[in-house]
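Colleague: I've just opened this one and I'd like to talk it through with you. Mind if I start with a single residue and work outwards?

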Amino acid sequence: KAATEELLQFLGTSSKVEAALRHGPGRDLDSFLRAIAQLDAAMLYLEGHGELAACQEAYEHAEKVHQKAMRDCETDFQATLGQQTNATLPSASTLTQLATDGALQAAAKDGPPLEQFADKAVTRLTALI
């Protein structure tokens, strides 16, 4: 009986998590990642029981859901990374003036650092990997 319940649980996983994955990682990253983990576990189980027609069908559906989720994840990753490329450099005239004044090295050493990735973006990018 326990094996049947386990089988039924994994057969329905892709349909159960599909709604959470449909919204992509942008809405709720933690829920998205939990749904991916559930889907991965189901796919592993279903792959090991491929001799059953129902498992084959459920695996195929899970694979389609997973592929779409991975595309959404990649899109979110690229968007997050793209939002972080706002570092600004000094103008050419400012760099020229600093170079002619011999102060370029001092300015590079003591000047304000270039904008770096925000901690929130690093956390998100790390989770999406």
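Colleague: Which residues does Asp-76 touch, not counting residues up to four places away in sequence?

Modeller: A word on the ground rules: this is a predicted model, where local features need pLDDT of at least 70 and side-chain atom pairs count only at pLDDT 80 or more, while totals for chains, interfaces and linings use all residues. Residues are numbered from 1 along each chain as its sequence is written, and side-chain values use heavy atoms, with hydrogens and water left out. Touching is a contact, meaning heavy atoms within 4.5 Å. Leaving out residues up to four places away in sequence, Asp-76 touches Pro-25, Gly-26, Arg-124 and Leu-128.

Colleague: Is Asp-76 buried or exposed?

Modeller: Asp-76 sits in helix α4; helices are DSSP runs of H or I with at least four residues, strands are runs of E with at least two, and both are numbered from the N terminus. The cut-offs are under 20% relative accessible area for buried, over 50% for exposed and partly exposed in between, using a 1.4 Å probe and protein chains only. Asp-76 has a relative accessible area of 13%, so it counts as buried.

Colleague: How many nonpolar, polar and charged residues are in the contact of α4 with α7?

Modeller: From α4 come Cys-73, Asp-76, Phe-77, Thr-80 and Leu-81, and they meet Ala-121, Arg-124, Leu-125 and Leu-128 in α7. Ala, Val, Leu, Ile, Met, Phe, Trp, Tyr, Cys and Pro count as nonpolar, Asp, Glu, Lys and Arg as charged, and the others, Gly among them, as polar. The contact of α4 with α7 then has six nonpolar, one polar and two charged residues.

Colleague: And α2 with α4, is that crossing left-handed or right-handed?

Modeller: α2 and α4 pack at an angle of about 15°, with their axes 10 Å apart, which makes α2 roughly parallel to α4. A crossing is left-handed if the near helix is turned anticlockwise from the far one by less than a right angle, and right-handed if clockwise. α2 passes α4 in a crossing that is left-handed.

Colleague: How do the residues of the contact of α2 with α3 divide?

Modeller: α2 and α3 pack at an angle of about 160° with their axes 9 Å apart, and are therefore roughly antiparallel. Thr-13, Ser-14, Val-17, Ala-20 and Leu-21 in α2 meet α3 residues including Phe-32, Ile-36 and Leu-39. By class, the contact of α2 with α3 divides into eight nonpolar, three polar and no charged.

Colleague: Which residues does Thr-13 touch?

Modeller: Thr-13 is found in helix α2, and at a relative accessible area of 5% it is buried. Not counting residues up to four places away in sequence, Thr-13 touches Gln-38, Leu-39 and Ala-42.

Colleague: How far apart in space are Lys-120 and Thr-80, C-alpha to C-alpha?

Modeller: Lys-120 lies in helix α7 and is exposed, with a relative accessible area of 73%. In sequence, Lys-120 and Thr-80 are 40 residues apart. In space, C-alpha to C-alpha, Lys-120 and Thr-80 are apart by 10.0 Å.

Colleague: Last one: what share of the residues of the protein chain count as buried?

Modeller: The protein chain comes to seven helices and zero strands. Among its contacts between residues at least 6 apart in sequence, 73% join residues at least 24 apart. Of the 129 residues of the protein chain, the buried share is 22%.

Terms used. Axes are lines fitted to C-alpha atoms, for helices over the stretch in contact, and angles run from 0 to 180 degrees between N-to-C directions. Angles under 35 degrees count as roughly parallel, over 145 as roughly antiparallel, 65 to 115 as roughly perpendicular and the rest as oblique.
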